[in-house]
Each structure stands twice: as C-alpha cells, then as structure tokens.
Amino acid sequence: SWAENASRKGEILTNGDKKPIIFDTTNAEYFKTMKRMLEPLGWKVLDRNEMWNSNNIPVLVYQDTTADTVNTIHSLLKKGLVKSEFCCALLDSNSGLCDLAVLSKELGTDIEHICSSQIYDELFQKVRQMIRSGNSANSIQSYLDAQ
C-alpha cells in the first residue's frame, strides 16, 4: 500500500510499536473513524499537531471539501512540511483529480491520491456485471465483503 511504501522510504523504526501516520483533517469525526480503522492494522494515527518534527512520516490529507484538501496539499508541499512521496490526498470527488494534476505539474512531482468516487464507480460497475452474469445476491454480497 502507499502508506507501507512511504513508511519504508522514511525508514521509520518502530521497534515493534505501531507505525506513525499523520492524518491532516479538520473533521474530528472523520479523524476518529480513521484512527479506529487504521490502528488495528498497525498504524498509530497522529493529528497534524502531534508530530511535525519529521517530514518522513506518511501524511493523509482530508478536508471538508475537495478544494480544501487540494489547497492543504499545496500548502504542505510548498512549505516543505512533507515530501510529496509521503503525502496522499483523500478525495470525495473526481474534480479533485484534475486539480491535483495541475498541482503536480506546477510542483513537478506526483501526488498520491485515493478518490472514493472512483472506488464506488468501480464497485458499482462490478456489481452490475455480476447481476448481468446471473450471480445471486449472496454471491455479490460475499464479493463486496471481501473487498
């Protein structure tokens, strides 16, 4: 995964502890959800204010709007608070992909991203294919549960 690769690039030594990952968001509820989801997978989710002493820690960025997420990424990279290979945008909308492409070109670097609308589109497409192929509801649900 992106976070695992970024963690290895940053040579984060954990001595068996959880690997740190910064989640830069202003949405407290979303922060709690990500923390609850990632910590059982071996990540220590930090708020952006908890640890800015290293730019070798993976940083996930999610703000309340796609434009704000792209703006935050821009600020972090321009100020040198995080290296592009350690930064990943969490987007709700495909419109953010164009904005990130423009930003990538401006900064001369690739910016990783995860776009929920792309994930949903791919899953809906697969479900439609499974329905047309005659798969049962239980079979489709099992497929979705495994994703």
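**Exercise 1.** Which strands does helix H4 (residues 95–107) lie across, and at about what angle does H4 run to S4?

*Solution.* The model is predicted. Helix H4 lies across S4 and S5. Its angle to S4 is about 155 degrees. Now take helix H3, residues 66–78. H3 lies across strand S1 (19–24), S3 and S4, and runs at about 170 degrees to S4.

**Exercise 2.** Give the strand order of the open sheet and name its edge strands.

*Solution.* Five strands line up as S2-S1-S3-S4-S5, with parallel pairing. Strand S2 (43–47) and strand S5 (112–115) pair on one side only, which makes them the edges. Neighbouring strands are turned by 25 degrees against each other on average, direction ignored. Zoom in on S3 (residues 59–61) and S4 (residues 87–91): three bridges join them in the parallel sense. There, Leu 60 stands opposite Cys 88 in S4.

**Exercise 3.** Classify the aromatic pairs Phe 23 with Tyr 30 and Phe 23 with Phe 31.

*Solution.* Start with Phe 23 and Tyr 30: 5.9 Å centre to centre, 40 degrees between the planes, hence tilted. Next, Phe 23 and Phe 31: 6.0 Å and 15 degrees. Planes under 30 degrees apart count as stacked, so this pair is stacked. Then check burial. Phe 23 is buried because its relative accessibility is 1%, under the 20% limit. Tyr 30 is partly exposed at 30%. Phe 31 is buried. Finally, Phe 23, Tyr 30, Phe 31 and Tyr 62 form one aromatic cluster.

**Exercise 4.** Which ring lies under the charged end of Lys 19, and which under Lys 126?

*Solution.* For Lys 19, take Trp 43: the charged end is 4.7 Å from the ring centre. For Lys 126, take Tyr 143, with 5.5 Å to the ring centre.

Conventions. Residues numbered from 1 in each chain as written. Predicted model: local features only at pLDDT ≥ 70, side-chain atom pairs only at ≥ 80, totals over all residues. Heavy atoms only, no water. Pairing = 2+ DSSP bridges. Helix = DSSP H or I, 4+ residues; strand = E, 2+ residues; numbered from the N terminus. Axes fitted to C-alpha atoms, helices over the stretch in contact; angles between N-to-C directions. Contact = heavy atoms within 4.5 Å. Phe/Tyr/Trp six-rings, centres within 6.5 Å; stacked < 30°, edge-to-face > 60°. Buried < 20%, exposed > 50% of the residue type's maximum accessible area, 1.4 Å probe, protein only. Lys NZ or Arg CZ within 6 Å of the ring centre and 35° of its normal.
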